[in-house]
Every structure is written in C-alpha cells, then in structure tokens.
Amino acid sequence: MRHLAGIGLDLDGTLLDTAPRHKAALLEAAHSLNVGLPDGFPDRYYEEKRGGLKGTEVLLRHHIPRSAELSAAWVRLIECERLLMLDVPFPDVLAAMGRMADDGFGFHLCTARQQEDLVIRQLSLLGIAPLIRGAHVLHLDDHGGPSKTTAEITSTLGLNAIVG
C-alpha cells in the first residue's frame, strides 16, 4: 500500500460527538457548586465553546454566577472516564477512515486532552485505534493554549494537514 498523505485529526467534535459529555460535565459542575443554569443553557454553552470562546467567557457573557469556579470544575470533570463513556463516533466516521486508510492515508490523532492514557483507552474501546498511526497530546502552555502551533505539529509529524 502506498502512503499518500499524513493527516492529523482532532478527536473531540471531529471524530467523536462529544456534545453529551460537555453538557453533562457542565450540569454536574453546576450541581456540585449549587449554581442554577437557565433552561437550555448547556446547549448554548456547548455551541459557543465550539465557536471559539473559552468556557469562562461563555459563562460570563450569560451572567452565570461563580463563573471561574464553574469553569474550573468543568475542566476537572471533562476528562473523567465515566463521562468519556458518553462519546460516540460520528456516523460513518469509522467506515470513511477505513476506506481512506485502504487508499494509503495515514491518520494521527492530535488532541488537547491532557490524559493520554484515557485517550488511548477510548480509541481502543471505540474501535478507532487500528486506524490511528499515533496519538499526540498537545500539552497546554501557561495561558491554556496549545504549547505548539499547528504548523509546528504538522512539520514535526510530517503531516500534510490537520483537521479539526
């Protein structure tokens, strides 16, 4: 089989539908702090985070009390194994990746998740592991952003593109 291209893929929201986990973590964090959330707010929170806002920014925009504490509690919960069980691959993702792998594409997972052991375990449980050549955790800098740019990751791994 000829290797055509190396592609980096994000996991959350690209390969996996993570909306239920993100919303559950928010609800659990709010409950733990005794913070009430408006009806439908977990959906708005998820969509605004997907749109590029940080969790604390979304909470502040909607005048949610104890925003910093709530955001910190969400961060502590979002990678817990119990909530990770809520994630599922988007429809047809595995089949499409399988076809592309047969055509010579190589996939590398690039994720900002911080618990690499749980990433690898989840890939295995969901049947994605055989399609991935490597899992790469993008460690965060002091400001909560990735410690490497997309260009640095692409170059280091010899990838043609990063998606997600």
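## Strand β1

Ala5, Ile7 and Leu9 point one way from β1, Gly6 and Gly8 point the other way, and all are buried. Buried means under 20% relative accessible area, exposed over 50%, and partly exposed in between (1.4 Å probe, protein chains only). In a regular strand the side chains alternate between the two faces of the sheet. Five of the five residues of β1 are buried, so the strand is largely enclosed by the rest of the structure. Helices (H or I, at least four residues) and strands (E, at least two) are DSSP runs, numbered from the N terminus.

This is a predicted model, in which local features need pLDDT of at least 70 and side-chain atom pairs count only at pLDDT 80 or more, while totals for chains, interfaces and linings use all residues. Residues are numbered from 1 along each chain as its sequence is written, and side-chain values use heavy atoms, with hydrogens and water left out.

## The sheet

Four strands form an open sheet in the order β5-β4-β1-β6, with parallel pairing. β5 (132-137) and β6 (161-163) stand at the edges with a single partner strand each, so one side of each is left without a neighbour in the sheet. From one strand to the next the twist averages 25 degrees. Two strands pair if DSSP finds at least two bridges between them.

β1 pairs with β4 in the parallel sense over five bridges; the bridge partner of alanine 5 in β4 is phenylalanine 105. Phenylalanine 105 is partly exposed, with a relative accessible area of 23%. β1 also pairs with β6 in the parallel sense, over three bridges, and glycine 8 stands opposite isoleucine 162 in β6. Five bridges join β4 (residues 105-111) to β5, the two running parallel; here histidine 108 has glycine 134 of β5 as its bridge partner.

## Helices on the sheet

Helix α6 (residues 93-102) packs on the sheet and touches β1 (5-9), β4 and β5, its direction making about 130 degrees with that of β4. Helix α7 (residues 116-125) lies across β4 and β5 and runs at about 150 degrees to β5. Axes are lines fitted to C-alpha atoms, for helices over the stretch in contact, and angles run from 0 to 180 degrees between N-to-C directions. Contact means heavy atoms within 4.5 Å.

## Nonpolar cores

A nonpolar core is a set of buried Ala, Val, Leu, Ile, Met, Phe, Trp, Tyr and Cys residues joined through side-chain atoms within 4.5 Å. The largest has 18 residues, and those with the most contacts inside it are Leu26, Leu37, Phe41 and Leu70. α1 (19-32), α2 (41-50), α3 (55-61) and α4 (67-78) each supply at least two of its residues; α4 gives the most, with five.

Leucine 37 touches Leu26, Leu27, Ala30, Ile64 and Leu70, not counting residues up to four places away in sequence. Apart from this core lies another, of 15 residues, among them Ile7, Leu15, Val93 and Leu123.

## Helix α4

In α4, Ser67, Leu70, Ser71, Ala73, Trp74, Leu77 and Ile78 are buried. Seen down the axis of α4, its buried residues fall within an arc of 160 degrees (taken from the directions from the helix axis to the C-beta atoms), so they line one face of the helix. On the other side of α4, Ala68, Val75 and Arg76 are exposed. The cover over the buried residues of α4 includes α1, α2, α3 and α5 (81-84).
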